[in-house]
Number of protein chains: 2
Amino acid sequence: MRNAEFNKEAVLRAAMIAFMDKGYAKTSMQDLKAATGLHPGSIYCAFENKRGLLLAALGQYRADRAEEFQHFFSAAIPTLVALKSYLDHIVQECLSCEAAQACLLTKALNELAEQDAQVQTILIENLSSWQASIAEVFHQAIVDNELTSKRSAEQLSRFFIMGVYGLRTYAQTHPEAEIMHELAEQLFADLCQ
Amino acid sequence: MRNAEFNKEAVLRAAMIAFMDKGYAKTSMQDLKAATGLHPGSIYCAFENKRGLLLAALGQYRADRAEEFQHFFSAAIPTLVALKSYLDHIVQECLSCEAAQACLLTKALNELAEQDAQVQTILIENLSSWQASIAEVFHQAIVDNELTSKRSAEQLSRFFIMGVYGLRTYAQTHPEAEIMHELAEQLFADLCQ
DNA sequence: CTCTTTCTTGAATATGCGTTCAAGATACTC
DNA sequence: GAGTATCTTGAACGCATATTCAAGAAAGAG
């Protein structure tokens with residue numbers, strides 16, 4: 001017997017960053033070897049192939065994002081305050097210069113969804129579960145009388161997510177802190193009526 | 001002497017669609033040959049290489065989009081009415097099943113901007129000029145007293161464009177007419193106060 | 001009609017890619 | 001400590017790709 005030497009989570013996070021940096025197609029096995037420290041053979045043994053590594057990385061990404069979400073909404077603070085700091089956090093992420101500035105889900109959605117039905121299914125499932133979590137947040141805000149809107153929690157969650165998608169793309173053309181924060185504040189204001 | 005046989009505009013539009021369909025990296029020269037009807041040699045003679053064809057296609061895309069824009073805003077109708085029908089047109093485009101449902105600019109932005117500085121510059125220039133056109137529209141609406149907002153025309157134009165980016169991405173996960181139209185109407189309502 | 005210039009063709013080239021596999025290394029079991 | 005099962009290694013393979021180029025085709029000039 002012999003156990004695997006590498007740390008699976010660390011490898012998947014490194015792969016995530018590599019895929020976000022160059023996109024799936026342009027990330028070669030050499031890039032992945034350099035990023036993860038794993039030789040091609042090990043990658044094929046552990047994940048079957050390059051696409052398998054992407055799928056595993058998507059799973060890790062989902063888990064990491066879910067944990068991040070919990071961190072913002074588990075504290076005992078007003079729901080809308082938590083939502084605003086969550087949005088600000090996303091803006092900060094867009095403005096950072098790291099490769100992780102992108103969202104792996106939307107990046108993969110743009111590059112692969114139309115060509116790979118399984119990837120598309122996974123991405124839609126992930127993004128839908130994110131939307132459901134955001135809808136719960138709005139529902140809580142309504143129940144707590146923090147928010148009185150003509151729009152339902154579901155409508156608000158859709159608009160919020162559309163806004164975040166828009167912010168992410170906008171940051172790629174004008175990554176200026178002032179403009180990005182202004183957009184985020186307009187979005188938040190419109191959501192809170 | 002001998003003139004070229006192919007129609008340059010038609011070739012560039014075919015290339016545009018091919019690139020939108022599969023993305024830049026996954027579109028092979030064989031795909032481009034099939035799409036444009038031009039043999040590899042001709043493509044290299046006319047556009048230098050695959051990247052040159054993309055750059056030329058981006059130029060054609062810009063021209064086509066500018067013409068489309070003129071079509072919506074040159075008629076003698078209230079500015080906000082024109083803007084709403086322009087937005088509805090974009091939603092329709094997102095919902096269509098054709099390969100042209102995507103926006104070549106945002107698709108290239110996602111795939112190439114981080115890796116190719118020249119492409120990035122061209123894309124930012126194109127998208128900025130689009131934003132400037134939208135800002136003019138809002139300025140006109142304000143001047144004509146169609147719209148009274150605390151926000152400037154520039155702020156409104158940025159929010160509008162962020163919204164369109166968001167709609168485009170959202171359509172890739174939930175391409176349902178009802179939801180898309182609802183989002184567009186929420187966006188438009190928020191812009192008009 | 002003929003010559004010349006230019007465009008078109010598609011097979012050939014070289015490169016880089018994802019993938020495989022057999023040899024070597026390592027850690028656990030008894 | 002020997003044996004064994006599993007993991008790791010990296011060179012080798014076949015394939016697909018972007019690009020080139022020399023031969024052939026076509027259109028205009030005189």
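## Two helices in chain B

At what angle do α5(B) and α7(B) pack, and how far apart are their axes? The angle is about 145°, and the axes lie 9 Å apart. These values come from a predicted model. Two packed helices are described by the angle between their axes and the distance between the axes.

Which residues meet here? From α5(B) come T79(B), L80(B) and L83(B). They meet V137(B), Q140(B) and A141(B) in α7(B). Sorted by class, this contact holds four nonpolar residues, two polar ones and no charged ones.

## How the two chains are related

Two copies of a chain are related by a rotation about an axis and a shift along it.

## Where the chains touch

Chain B brings 31 residues to the contact, and chain A brings 31 residues. On the chain B side, four helices each supply at least two residues: α6 (104–112), α7 (117–143), α8 (153–173) and α9 (177–191). α8(B) gives the most, with 13 residues. By class, the chain B side has 13 nonpolar, eleven polar and seven charged residues.

Do the copies meet through the same or different surfaces? Of the interface residues of chain B, 100% are also interface residues in chain A, so the copies meet through the same surface.

## The nonpolar core

The largest nonpolar core has 48 residues. Those with the most contacts inside it are L167(A), L183(A), L167(B) and L183(B). Both chains build this core: α5 (79–95), α7 (117–143), α8 (153–173) and α9 (177–191) of chain A, and α5, α7, α8 and α9 of chain B, each supply at least two residues.

Take L183(A). Set aside its neighbours within four places in sequence, and L183(A) is in contact with L167(A) and Y170(A) in chain A. L183(A) is also in contact with R158(B), F159(B) and M162(B) in chain B.

## A closer look at M162(A)

M162(A) sits in helix α8 of chain A. Is M162(A) buried or exposed? M162(A) has 29 C-beta neighbours inside 10 Å, so it counts as buried. The cut-off for buried is 20 or more.

Which residues does M162(A) contact, leaving aside neighbours within four places in sequence? They are G166(B), L167(B), Y170(B) and L183(B).

Conventions. Residues are numbered from 1 along each chain as its sequence is written. Chains are lettered from A and ligands numbered from 1 in the order in which they are written. This is a predicted model: local features need pLDDT of at least 70, side-chain atom pairs count only at pLDDT 80 or more; totals for chains, interfaces and linings use all residues. Two residues are in contact if their C-beta atoms, placed from the backbone, lie within 7 Å. Ala, Val, Leu, Ile, Met, Phe, Trp, Tyr, Cys and Pro count as nonpolar, Asp, Glu, Lys and Arg as charged, and the others, Gly among them, as polar. A nonpolar core is a set of buried Ala, Val, Leu, Ile, Met, Phe, Trp, Tyr and Cys residues joined through C-beta atoms within 7 Å. A residue is buried if 20 or more other C-beta atoms lie within 10 Å of its own, exposed if 12 or fewer, and partly exposed in between; C-beta atoms are placed from the backbone. Axes are lines fitted to C-alpha atoms, for helices over the stretch in contact, and angles run from 0 to 180 degrees between N-to-C directions.
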